[in-house]
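This report looks at the packing inside one protein chain. Please view the sequence and the structure first.

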Amino acid sequence: MKSLSILMLALSVLTATAVEHAPIKVVLFPFREATLSARTDSTLQPYRFKLGEPFAEGAVIATLDDSRYALEEQRAVGQFEFARATYEDKKQLREKNFTSDYELKKADFDRRTAENELASARLNLSYCTIKAPFAGKIVEILTREHETVRAGQPLCRIIDDNQLLAIMNVPMTEKKLTTVGETVSIALSDGQTAGGRIYEVTPQADHRTGTVRIRVLIDNRKGIYKAGMTGELVHGQ
């Protein structure tokens with residue numbers, strides 16, 4: 001009976017050790033990604049960047065044919081200038097009591113309406129320029145150049161891989177692996193080793209596995225690693 005107890009104790013220790021050192025699979029994801037869509041109806045002009053070519057935040061990714069919207073802006077500018085001049089004339093006439101309050105208010109209303117239409121025309125014109133919300137790369141073209149697009153139609157998908165998030169599930173009993181700011185090391189499948197700091201820890205554990213999901217932030221400004229790479233957490237770091 002005593003030997004059976006010792007055997008069971010030994011098995012439990014071996015099991016605990018095996019669980020403790022079970023490989024923790026890791027996948028690298030871009031820090032952020034977005035799908036850029038058209039915000040107005042027009043024709044897509046050639047992209048300014050190729051797939052995988054890096055661009056800075058605010059860079060023009062592509063443009064839409066803006067000839068129609070440029071004409072609308074010019075027309076709106078002329079209407080606004082006319083309405084503003086009319087209002088100034090009515091204002092001077094009212095000061096000399098040569099016109100009524102109604103005429104002055106109507107001229108002011110027309111001026112404000114023309115100003116709003118000008119702002120709308122300029123906004124539509126600005127929609128023809130698609131800018132990058134963050135630095136990164138194009139990873140997928142969803143609409144080809146010279147195609148007619150509608151507002152809301154996806155054009156391309158971009159990622160920010162200047163930083164990567166290594167996502168993995170770790171035992172919730174591991175304090176070091178569930179503390180934001182702690183450093184960890186990851187052995188990638190291509191033989192490289194990547195280091196980073198724990199960026200996020202999911203607040204809810206998986207009751208079936210006894211693990212929590214964590215995200216480790218990895219500096220990738222040199223482009224050493226690729227989103228989608230896999231690996232394993234290096235134990236004992």
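Is aspartate 161 buried or exposed? Aspartate 161 is buried, because its relative accessible area is 8% (buried means under 20% relative accessible area, exposed over 50%, partly exposed in between, with a 1.4 Å probe and protein chains only). This is a predicted model, in which local features need pLDDT of at least 70 and side-chain atom pairs count only at pLDDT 80 or more, while totals for chains, interfaces and linings use all residues. Residues are numbered from 1 along each chain as its sequence is written, and side-chain values use heavy atoms, with hydrogens and water left out.

Aspartate 161 belongs to strand 7 (strands are DSSP runs of E, at least two residues, numbered from the N terminus). Neighbours within four places in sequence aside, aspartate 161 contacts Lys137 and Asn220, where contact means heavy atoms within 4.5 Å.

Phenylalanine 55, for its part, touches residues including Phe49, Ile61, Lys137 and Ile158, not counting residues up to four places away in sequence.

Two aromatic pairs are found, where rings of Phe, Tyr and Trp (its six-membered ring) pair if their centres lie within 6.5 Å, and planes under 30 degrees apart count as stacked, over 60 as edge-to-face and the rest as tilted.

| Pair | Centre distance | Plane angle | Class |
|---|---|---|---|
| Phenylalanine 31 and tyrosine 199 | 5.7 Å | 70° | edge-to-face |
| Phenylalanine 49 and phenylalanine 55 | 5.5 Å | 55° | tilted |

Phenylalanine 31, in strand 1 (residues 25-37), and tyrosine 199, in strand 9 (residues 193-201), are 168 residues apart. Phenylalanine 31 is partly exposed at 23% relative accessible area, and tyrosine 199 is also partly exposed, at 36%, whereas phenylalanine 49 and phenylalanine 55 are both buried.

Technical notes. Helix = DSSP H or I, 4+ residues; strand = E, 2+ residues; numbered from the N terminus.
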